[in-house]
Amino acid sequence: MTRRKKLKKPSELLNLYSQKLNLGIEKRLSPVSFELHFSYRSPRVAHISGYVVFRTGWVLEFDEIITQERIEIKKVKYRYHVMDRNKKLIFRYDNVPHFPKIRTHPHHKHTRAKVIESKTLGLLEVIEEIETLIVKEGI
């Protein structure tokens with residue numbers, strides 16, 4: 001019989017990060033609803049997932065795996081997938097290493113037409129980009 005170690009309390013820094021995301025989404029005007037799930041894999045590793053529904057019917061689905069290294073939060077893996085009300089891709093950011101020729105490898109952005117370079121973004125920055133697109137396109 002294998003004994004499982006009891007998970008120690010998540011780090012305070014990871015807790016603060018989760019609170020920042022929650023408050024950041026709540027302060028936005030565009031989201032109609034959202035769900036945010038935090039799963040702590042260890043005291044210093046967390047998986048964050050969920051979705052945000054916008055007034056346009058657009059949906060942002062997201063996943064992040066973050067770690068605490070000393071006093072910093074590092075994003076190990078991420079995916080921010082935005083689709084319209086018909087579930088067609090608008091754009092997606094991720095860091096899956098499947099486009100090695102892109103200068104910002106493994107970070108990239110999928111658009112409806114192509115895959116382009118991108119920097120590492122956070123959830124709140126992606127929501128801001130979506131809101132800008134909504135206003136720009138007059139949706």
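His81 touches Val59, Leu60, Glu61, Leu89, Phe91 and Arg92, leaving aside residues up to four places away in sequence; contact means heavy atoms within 4.5 Å. The model is predicted, so local features need pLDDT of at least 70 and side-chain atom pairs pLDDT 80 or more, while totals for chains, interfaces and linings use all residues. Residues are numbered from 1 along each chain as its sequence is written, and side-chain values use heavy atoms, without hydrogens or water.

His81 lies in strand β4 (residues 72-83). Strands here are DSSP runs of E with at least two residues, helices runs of H or I with at least four, numbered from the N terminus. His81 has a relative accessible area of 14% and is therefore buried (under 20%, with a 1.4 Å probe and protein chains only). Its side chain makes a polar contact with the side chain of Arg92, at 3.2 Å.

Helix α2 spans residues 123-137. Its buried residues include Val126, Ile127, Ile130, Leu133 and Ile134. An α-helix has 3.6 residues a turn, so residues three or four places apart point the same way. Gly138 follows α2, with a positive phi near 60 degrees.

Helix α1 (residues 12-26) packs against α2 at an angle of about 15 degrees. The axes are 10 Å apart; they are lines fitted to C-alpha atoms over the stretch in contact, and angles run from 0 to 180 degrees between N-to-C directions. The two helices are therefore roughly parallel (under 35 degrees). Lys20, Leu21, Gly24 and Ile25 of α1 meet Leu123, Leu124 and Ile127 of α2.

Technical notes: Buried means under 20% relative accessible area, exposed over 50%, partly exposed in between (1.4 Å probe, protein chains only). A polar contact is a pair of N or O atoms within 3.5 Å; within protein, one must be able to donate a hydrogen and the other to accept it, and residues adjacent in sequence count only if both atoms are side-chain atoms. The expected span of a helix is 1.5 Å times one less than its number of residues. Angles under 35 degrees count as roughly parallel, over 145 as roughly antiparallel, 65 to 115 as roughly perpendicular and the rest as oblique.
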